[in-house]
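Please have a look at the structure first.

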Amino acid sequence: MASSVASFNSKFYLVISSLLLVTSHFCVTVAQKLCANSGGTLRSFYDSSCPNLESVIRKQLQKVFKNDIGQAAGLLRLHFHDCFVQGCEGSVLLDGSSSEPSEKDARPNLTLRPEAFKIIDDLRRRVHKQCGRVVSCSDITTLTARDAVFLSGGPDYDVPLGRRDNLDFAWRNVTLANVPAPTSTTNALLTSLATKNLDATDVVALSGGHTIGIGLQGVFTSDEDLYTVRRTRGIVTSFAVNQTLFFEKFVDAMMKMGQLNVLTGTQGEIRANSNDAFLASNVDESEEKWSQFEGGFGCPKTKGGSVFTLCILCSRNSSRRSSRRILAKLLACFASIFMTALFSFNCVLVRCKGCDGSVLLDGSHSGPSEKDAPPNLTLRTRAFKIIDDLRRRVHEECGRVVSCADIVALAARDAVFLSGGPDYDVPLGRKDGLNFATRDATLANLPSPTSNASAILASLATKNLDATDVVALSGGHTIGIGHCSSFTPRLYPSQDPTMDKTFANDLKHICSPPPPDSNNTTLLDIRTPNTFDNKYYVDLMNRQGLFTSDQDLYTDAKTRDIVESFAIDQTLFFDKFVHAMIKMGQLSVLTGGHGEIRCNCSVRNSDNKSFLTYMAEDDEESRSELR
């Protein structure tokens, strides 16, 4: 198991031929020049506007590293990945979108620690509170890298300041095209970094940043080959026997790298948020996107012909401002009520049933229902209430012609779309089942969160769902929460070796040792918990999947490549997710004369006294009209 290396020293070079630490491989793009911008950077840049800048950052980092020194390597690596792509201008911090993936979405950056981004933005918040918005995120990132080195036992040095933040990020394909692979030879690495005016001594010195971090022996050729190749072997040896020389050359190289294509003067901006360069325009765009739901027409129609799930919250006379409040409520509501889980649990339950709304039915003391079985106990009570509220609204609008099963399918689709995911047409015409599955059938057909990938694949193969379908549907965990009881076996009595150590320590603060507090929950996706995107798969690649059933998708060779492909390409994930949802939505559906249209989603019509009374009165009225 990988372990943290807390001391920044020259011992990296003593074992470089066999020891590899996976803290970074360099991310490089098109040829760049040394800083030639007017004004340049100065060590005294913030002496007047923010005199306590460096002490604010260092004091906070001392607290961070006291809790987890492993974060030092993540912050140093983040600085490397920023500077070698477009320059030291904070572009690696920017978030992208489903239509425009950012640098951090490119494959070489997927293993950057999410905590590093959070630390940078927390430091930005503290600095701006102290001094106002005068210090750039790129300067904060540069100072943080310096302090990560120093507080790990490395050299201290002055950092020229005055950088500005870039307004845009590099395209993902540009980043991919210019990033040396971890299997790169030294010759390839030297040739690539020479375009940044970095020579062999710089490259070997910067590689010494691998003296802190975590990794496994013998992983990267780009490290081992530094000692194998004659051009760099002597430099490696000199640093191994003379730490002072290594420190001196490391500082020289860091200063040199820190000047790559920086923005100064009136170029760029000072971001108010480290990951968003277009806050104002995004607000305008969001208002425009959601203005279609404003007043005058009530609740809009869905593609399937029934009332859109916005009926929960929409207002006939909502203003532009209230439409934004509606959007916020929708995201908070749908991202957390497990609509996709409710749909999945309804459809994949048993082969002989399927998407027939049986999971909605209440049981009794004499006959517990599907929702009373352990796998379904964590489904949100609020989700069931919302479905029946939607049923009431739809039936008021159209009469009792739309089944609860169809409403669940539409609600799942809209939960995905309104959380940032893909929109798609839903085949409709399902009828509601007349019975629910037994407790034993429920247990036998719903894979446990402690199941491994092989067990899940075998189980869902009986539903005609293949490995790509399974991995895609698991991506529904990009929104929502998980209960401690579902993953504490990965924490106690010993930590699951496939779980990131820092992630595990964070979870231990939430979940006590068994028997855990079943009411405690945590986010399923730590990167973008309220957005339906592909970051769930990035979590898995960083060993930050919450459930065994999640993380083992990346561990298992049968599904690992699929996870990686979705982490790299969100469009591909969305395509496969939609395909799998439609496929799952057709499982053993009831149509035509089969099943019924329930008057209450939780009660069969034959057990619904209000419905039977209504039907009797309706029959009597019909007979009276015929007399």
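How many disulfides does a search of the whole structure find? The search finds 4, where a disulfide is a pair of cysteine sulfur atoms within 2.5 Å. Before I go through some of them, please keep in mind that this is a predicted model, in which local features need pLDDT of at least 70 and side-chain atom pairs count only at pLDDT 80 or more, while totals for chains, interfaces and linings use all residues. Residues are numbered from 1 along each chain as its sequence is written, and side-chain values use heavy atoms, with hydrogens and water left out.

Let me begin with Cys-50 and Cys-131, whose sulfur atoms are 2.0 Å apart. The torsion about their S-S bond is about 60°, so this disulfide is right-handed. The pair links distant parts of the chain, 81 residues apart, with Cys-50 in the segment before helix H1 (53-67) and Cys-131 in helix H3 (residues 114-131); helices here are DSSP runs of H or I with at least four residues, strands are E runs of at least two, and both are numbered from the N terminus. Cys-50 counts as buried at 2% relative accessibility, and Cys-131 counts as buried at 18%, given that buried means under 20% relative accessible area, exposed over 50% and partly exposed in between, with a 1.4 Å probe and protein chains only.

Next come Cys-404 and Cys-601, with their sulfur atoms 2.1 Å apart. Here the torsion about the S-S bond is about -95°, so the disulfide is left-handed. Cys-404 lies in helix H15 (residues 404-417) and Cys-601 in the loop between helix H23 (570-584) and helix H24 (609-626), so the pair ties together parts that are 197 residues apart in sequence. Both Cys-404 and Cys-601 are buried.

The link of Cys-484 and Cys-511, with sulfur atoms 1.9 Å apart, is left-handed too, with -75° about the S-S bond. Cys-484 lies in the loop between strand S1 (481-483) and helix H19 (501-510), and Cys-511 in the loop between H19 and strand S2 (521-523), so parts 27 residues apart in sequence are tied together.

Finally, the helix pair. Helix H7 (residues 200-207) and helix H9 (residues 230-241) pack at an angle of about 50°, with their axes 10 Å apart, the axes being lines fitted to C-alpha atoms over the stretch in contact and the angles running from 0 to 180 degrees between N-to-C directions.
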